[in-house]
Amino acid sequence: MRGPALRVLYDMRGAQAVGHPERGIPRWIAHFAGALLDRPDAAELHAIVDPGRPLPAHAARIAARGSLLGWEQSDRLTGPLVHHIGSAFEFDWKRHELLPTALRRPGVARVATLYDVIPLLQALPDETWVQRLWRHRADLVRSADAVLCISQWTAEEGIRHLQLDERRITVVGTGVPEVEHPRRNGRMPAPPLPGLESDFVLYTGGAEHPRKNLPALLRAFGRLDEPVRRSHQLVIASRMSDPLRCELTAVARDAGVEDRVLLAGYVPDDVLRMLYLSCCCVAYPSVYEGFGLPIAEAMSHGAPVVTSRTTSCREVVGHPAAQFDPVDEGSIASVLQRVLVEPALAGELREHGLERAREYRWERVAERSLEAYEDALARRRARRVGPAREAVAFAGPAGIEDHMPRARFEAVVEAARAMTRVRPVDSGRAGDPTPAALDWLSGPLVVAADSPLALSRAAELLARHPGVAVLWELDRAMPGEPPDALARLLEVARGIVVGTPLDAARLALAAGRRPVPPVHVVPVPLVARTLPDASRNGGVVVAPRAPGLPPFDDAEVERARLVSEALAARGPVELRLAGGDPYLRPRRDVRHDPWPGWEEACAGADLLLDLGGASATAGDAIADAGRELGIPVASFRPPSGEADGVHRLGEAATATEAAGALATLVDGAATVPEAPASRAPAAVARALLAAAGVELGAPEK
């Protein structure tokens, strides 16, 4: 029992392609629109068109039934709606023009048609850019609520190569116009085409792509028995470039059939119809097809068809005697010879084709598509009323691979998976974010930024989809004056997450008079790592700086100098600075080893010292290293409010007081810092999701 009449917005711009309007996709889109118009259960039918190009077929009928809109006018349609993208891979239009922001709302079910995956698998050497763009656009199909496939083969390829959800796939097939008087017995007179003879084998369809396999067809034609070859002509009715025409002419010459081949070029539909009705047979040797529309069209006219036994060609033609191996010229020649010399076989294929063509009717395509529309809307409704497990996307930091906060952020993402539906997202290159993975998203985006460049990426993503920015590494994100990207980020983010109250204050200071979205303090998670075994050096205190953080500033170096002098006056305990910027050596007389790696510097210490400069991230990194190595940690920072086992010297401690405390700790009266419960990845994930506005139940005991 069909539900209420549907409201459909059909993107028909794929039928406005400039280069080859006769190709399969533009024709499918136009015929499908006509089929929808014939269905009363599509109460409203609107279409997205490009007003700067000739309007596609049925545009006037659609305007009378609904409206014609430019993509930027899609916000005029409100309420429940099916948005059907006729062709997701039309590169004349940008991606956001195919999926306008106004259509990314819960009440809109997105449907996409998949014709094939040919550009992904059959890219030409000089068209790898098409393959890259195709991969990028494929997520428009992958994230759709329903995918209409034109053949079972295309559906299987979509599952195999695009990881489509098979539950969302509907094989709708394609249709061919019903022929009023198809041939039953004999053939119609040939059309008045220059050079055309009465007995001919026809090929029609694309010609430029190597997968069409036309050279093999020419060579196979040359392998026919001489009487058959001399009494028949091979006609290739296809638009082709001059270089291809020269290439095919050379192949025909080498095969000894140059005088038996007619390269007719593009022919209009009325001439093509007469060619179908008057040919001896249609040969379609394509190696790879998503459907093979010429096969179905030829069968609907009553022409015997022989074709490849690969991909969808086998599925469309159906008859085993009509199939050959397209990479075996002997196989092509054998099947072609039989149909040309055996009238009984030709008649059998003719009757089979007419029966088969009855399955390819546009009313059936429309019926199956409307059922898919309803399923897509039902899926949308179920998503809205289902349990509160809202989908969240995480875009991680873009720093170097061994950058510590990357692992921490990933640990949070994994912990969040147990609480809600999560999908990681590639943050993309500068100026080239990847919003494709966000199209399906009904919940917020959480994007981490750890550099000025990452701030720009975060701003681009959050401008396209609502969410929060995580600035756990404020020093890396703002190494000097606040970048312009920060101002943009503050405009578009719904919230900002920082690691400590001090960082929240620093962010407010950097923002100046700019409005600041809500700022949430969520601690940096603690992730256990394996560092080298510590080797004590008999009284060495190391003040390290983690990779990627700013160098020691003057205040830290001065504090280190004073404490070092006080330690020297007391005994053998030595203070060293380690890490930081190797090109900016301290100006004071303090031992500084800028080159040792983070792990080596920490592992060679008896005690780690946080001088209190840089952001809280620097202090957290030192405390974490102490936990992982079993080394005590002292800090000039004030307590964070939660017991963590770090020995607090106090911001106002003098050098003498600090030296005495450090010497005592080195002598053994120290404990290793403990991990605060709030910094466990699960706790951080829960706090981060709360900051993003995701409602979760109470944590399990």
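The model is predicted, and local features were required to have a pLDDT of at least 70, side-chain atom pairs counting only at pLDDT 80 or more, whereas totals for chains, interfaces and linings use all residues. Residues are numbered from 1 along each chain as its sequence is written, and side-chain values rest on heavy atoms, with hydrogens and water left out.

The protein chain contains 25 helices and 25 strands, these elements being DSSP runs numbered from the N terminus (helices: H or I, at least four residues; strands: E, at least two). Of the 701 residues in the protein chain, 55% are buried; buried denotes a relative accessible area under 20%, exposed over 50%, and partly exposed the range in between (1.4 Å probe, protein chains only). Among the contacts in the protein chain with a separation of 6 or more, 73% involve residues 24 or more positions apart, a contact being defined by heavy atoms within 4.5 Å.

A search of the whole structure identifies 29 salt bridges, each defined as a side-chain nitrogen of Lys or Arg within 4 Å of a carboxyl oxygen of Asp or Glu. In one of these, Arg187 pairs with Asp199, with 2.6 Å between the closest N and O atoms. Both partners lie in the loop between β7 (169-171) and β8 (200-204), and the pair, twelve residues apart, links distant parts of the chain. Arg187 is partly exposed because its relative accessibility is 37%, and Asp199 falls into the partly exposed class at 26%.

A salt bridge also joins the side chains of Glu289 and Arg211, at an N to O distance of 2.9 Å. This pair links distant parts of the chain, 78 residues apart: Glu289 belongs to the loop between β11 (281-284) and α11 (293-300), and Arg211 to the loop between β8 and α7 (214-222). With a relative accessible area of 6%, Glu289 is buried; Arg211, at 13%, is buried as well.

For the salt bridge between the side chains of Glu355 and Arg358, the N to O distance is 2.3 Å. Glu355 is partly exposed with a relative accessible area of 49%, and Arg358 is partly exposed at 36% relative accessibility.

The side chain of Asn213 reaches the backbone oxygen of Pro285 at 3.1 Å. When neighbours within four places in sequence are left aside, Asn213 is in contact with Pro285, Ser286, Val287, Pro326 and Ile332.

Regarding helix packing, α21 (residues 554-570) and α24 (residues 655-666) pack with their axes 8 Å apart and at an angle of about 60°. Helix α21 is therefore oblique to α24. In this classification, angles under 35 degrees are roughly parallel, over 145 roughly antiparallel, 65 to 115 roughly perpendicular, and the rest oblique. The axes are lines fitted to C-alpha atoms, for helices over the stretch in contact, and the angles run from 0 to 180 degrees between N-to-C directions. The crossing of α21 and α24 is right-handed, the near helix being turned clockwise from the far one by less than a right angle. On the α21 side, Leu562, Val563, Ala566, Leu567 and Arg570 meet Ala655, Thr656, Ala658, Ala659, Gly660, Leu662 and Ala663 of α24.

In helix α10 (residues 269-278), the buried residues are Val271, Leu272, Leu275, Tyr276, Leu277 and Ser278. The buried residues of α10 pack against β8, β9 (233-237), β11 and α11.

Backbone geometry was also examined. Most residues other than glycine have a negative phi. His58, although not a glycine, has a positive phi of about 75°. His58 is situated in the loop between β2 (44-48) and α2 (59-65) and is partly exposed, with a relative accessible area of 28%. Thr311, likewise not a glycine, has a positive phi of about 45°. Thr311 is found in helix α12 (residues 311-317) and counts as buried at 9% relative accessibility.

How values were computed
Polar contact = N/O pair within 3.5 Å; in protein donor to acceptor, adjacent residues only side chain to side chain.
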